Amino acid sequence: MVSRRGNTKRASGHALTLPHRLLRTAVPALRSVVFATARATAHASRASVTLASCGVLVTALTVPASANAAGSKTLVFCTEGSPAGFDPGQHTTSTDFDASSNTIYNELVEFRRGTLDLEPGLATSWDVSADQRSYTFHLRRGVKFQTTAWFKPTRDFNAEDVLFTFNRMLDADDPFRKAYPSSFPYFSDLGFDRNLAHIERVDDYTVRFDLKQPDVIFVRNLAMNFASILSAEYAARLSAAHREADINQLPVGTGPFVFRSYQKDALIRYDGNPDYWRPADVQLAHLIFAITPDPAVRIQKLANNECQVSAFPRPADLDVVKRNPDLTLVTGVGFNVGFVAYNTKHTPLDKTDVRRALDMAIDKPAIIKAVFAGNATVASNPMPPAQWSYNKQLKDAPFDPVKAKALLAQAGYPNGFEISLWAMPVQRPYNPNAQLMAQLIQQDWATIGVRAKIVSYEWGEYNRRAKQGGEHDAILYGWSGDNGDPDNWLGTLLGCDAVHGSNVAKWCDPAFNALIVKARSSSDTAERTRLYEQAQVIFKQQVPYTPIAHSIVSLPASRRVKGLVFSPLGSHRFDGVSLE
């Protein structure tokens with residue numbers, strides 16, 4: 001048996017305040033959320049609705065007038081979009097995870113901030129059987145679930161919470177699965193729904209996962225956001241009131257911040273968790289997500305100290321930040337890839353020569369210059385060069401519109417064709433301006449007779465349609481690594497298990513998939529590397545998508561912010577962050 005253990009730190013938190021400028025817009029939003037919360041509380045909790053609701057509202061109305069006051073401990077984060085919900089198991093984007101799993105919840109195993117290294121979370125240690133099919137987790141004692149206006153826990157975290165979290169995703173008849181519009185996409189993308197035989201409660205603080213087939217990356221996958229642990233006691237109260245869907249809107253977790261209220265397209269409000277099991281990580285008393293889709297407005301708010309951290313700057317904004325002595329940039333090489341995927345279920349994109357032609361017609365260096373202002377490198381593989389098993393021998397097809405047009409004629413389309421090209425409405429670590437990138441690709445494809453109509457939707461709808469409906473022909477998408485393993489790029493994005501989820505190319509190649517499945521069952525890194533390198537060869541031959549760029553990621557912040565670290569996973573975490 002293999003065992004891994006770790007330690008935790010302890011310290012005390014501090015009080016903080018809400019900016020007056022934000023308060024003017026926040027109070028109406030908070031009031032509407034308070035009333036919604038009060039209605040939910042009447043069904044979901046025995047707590048007093050009136051007092052709980054008033055408590056939330058009074059907090060908003062009595063904060064000091066400015067976040068600039070000495071000793072202020074309110075941090076405002078200018079984020080780019082509204083989350084689709086607050087149940088991490090139901091969603092897949094960093095916008096959702098920043099608002100939920102990175103603030104409200106914990107996983108059994110976690111990634112140490114700023115690294116791809118595993119550390120104990122709600123499990124203090126774990127044992128792995130010799131055949132890699134049985135994983136036993138020893139749970140942390142004394143961890144408390146958060147107290148909110150709609151739920152007051154009567155017990156600490158234990159094995160029942162782990163069983164509820166995963167059984168609701170595993171059991172198709174579970175009421176919490178039926179309550180959702182989606183069926184836990186990451187869970188199925190990773191093949192958990194097919195490979196997880198059952199979860200057993202050994203005792204109150206021990207659980208065992210039994211798999212049908214060996215999976216050497218199982219523990220790393222459990223450190224991903226979708227595996228955040230929810231409260232079984234809270235779920236039971238919601239279920240008794242037939243309000244299962246509320247778990248996605250009124251979340252309760254064990255994490256560093258307690259969710260208080262949310263107004264779509266306006267703000268999300270959190271308080272520091274006074275009962276957090278790692279108290280040293282709670283240095284903020286209040287955390288505000290100010291939802292600001294326009295990147296220029298985000299940078300302006302940062303310069304005016306209306307927010308202290310800003311997500312996803314445009315390349316043109318970086319010089320503005322560098323020239324401001326009150327601001328700084330937290331920067332790192334992004335563990336990501338931006339790409340344009342081809343829906344291989346649609347004609348004529350089901351033909352390899354057509355996909356190869358579209359690939360060869362894209363001028364990647366021009367995109368790097370125009371979209372990324374040079375803050376990226378050209379991508380040729382479906383994973384970044386920093387990922388172990390990256391196949392260095394593979395080379396991109398040359399940019400050659402003449403040959404691309406000949407390939408189209410060979411495929412039966414001498415006059416080209418019409419397709420849709422979907423472009424994201426938001427900035428992502430792997431694509432700071434999808435609309436501009438779409439326009440450049442549209443122009444490139446026009447030279448070979450392909451007429452692309454650019455389509456976009458609100459970010460949540462964009463994701464839902466791309467993953468579940470598959471309406472798109474070509475789509476701009478991308479990925480930031482979730483767990484540091486090659487399977488996260490090849491299996492999650494390109495495997496047959498993920499064709500109804502994150503595999504937006506809807507591509508299922510039996511030879512490719514067999515290599516991925518075999519690699520998951522091997523504990524020999526050299527063997528896994530060989531298998532993944534072979535899989536990348538098939539990818540380059542079949543071209544289910546065209547890799548465009550690996551970006552350099554920058555996070556603008558006030559110099560007053562301390563402890564903010566660059567995440568290779570593309571997340572924004574505020575545990576361990578403080579304000580001077």
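Is glutamate 461 buried, partly exposed or exposed? With a relative accessible area of 25%, glutamate 461 is partly exposed. Here, buried means under 20% relative accessible area, exposed means over 50%, and partly exposed lies in between (1.4 Å probe, protein chains only).

The model is predicted: local features need pLDDT of at least 70, side-chain atom pairs count only at pLDDT 80 or more, and totals for chains, interfaces and linings use all residues. Residues are numbered from 1 along each chain as its sequence is written, and side-chain values use heavy atoms, with hydrogens and water left out.

## Salt bridges

Side chains of opposite charge can pair when their charged atoms come close. A salt bridge is defined as a side-chain nitrogen of Lys or Arg within 4 Å of a carboxyl oxygen of Asp or Glu. In the whole structure, 33 salt bridges are found. Three of them are listed below.

| Salt bridge | Separation of the closest N and O atoms |
|---|---|
| Arginine 269 and aspartate 271 | 3.8 Å |
| Arginine 314 and aspartate 317 | 2.9 Å |
| Arginine 465 and glutamate 461 | 2.8 Å |

The surroundings of these residues can be described in turn. Arginine 314 is partly exposed, at 32% relative accessibility, whereas aspartate 317 is buried at 5%. Arginine 465 and glutamate 461 both belong to helix α16 (residues 459-469), and because they are 4 residues apart in that helix, about one helical turn separates them. Helices (H or I, at least four residues) are DSSP runs, numbered from the N terminus.

Salt bridges also join into a network, whose members are Glu110, Arg112, Asp117, Glu119, Arg278 and Asp281.

Lysine 364 is found in helix α13 (residues 364-372) and is buried, with a relative accessible area of 5%. A polar atom of its side chain lies 2.6 Å from the backbone oxygen of proline 547. Contact means heavy atoms within 4.5 Å. When neighbours within four places in sequence are left aside, lysine 364 is in contact with Val378, Ala379, Ser380, Asp396, Thr546, Pro547 and Ile548.

Arginine 355 is found in helix α12 (residues 352-360) and counts as buried, at 3% relative accessibility. A polar atom of the arginine 355 side chain lies 2.8 Å from the backbone oxygen of leucine 349. Not counting residues up to four places away in sequence, arginine 355 touches several residues, including Tyr342, Asp350, Trp507 and Pro544. The C-alpha atoms of arginine 355 and tyrosine 545 are separated by 7.8 Å, although these residues are 190 residues apart along the chain.

## A pair of helices

Helix α17 (residues 487-494) packs with helix α18 (residues 510-520) at an angle of about 135°, their axes being 11 Å apart. Axes are lines fitted to C-alpha atoms, for helices over the stretch in contact, and angles run from 0 to 180 degrees between N-to-C directions. The angle therefore makes α17 oblique to α18. Angles under 35 degrees count as roughly parallel, over 145 as roughly antiparallel, 65 to 115 as roughly perpendicular, and the rest as oblique. On the side of α17 the contact is made by Asp487, Leu490, Gly491 and Leu494, and on the side of α18 by Phe512, Ile516 and Arg520.

Notes:
Helix = DSSP H or I, 4+ residues; strand = E, 2+ residues; numbered from the N terminus. Polar contact = N/O pair within 3.5 Å; in protein donor to acceptor, adjacent residues only side chain to side chain.
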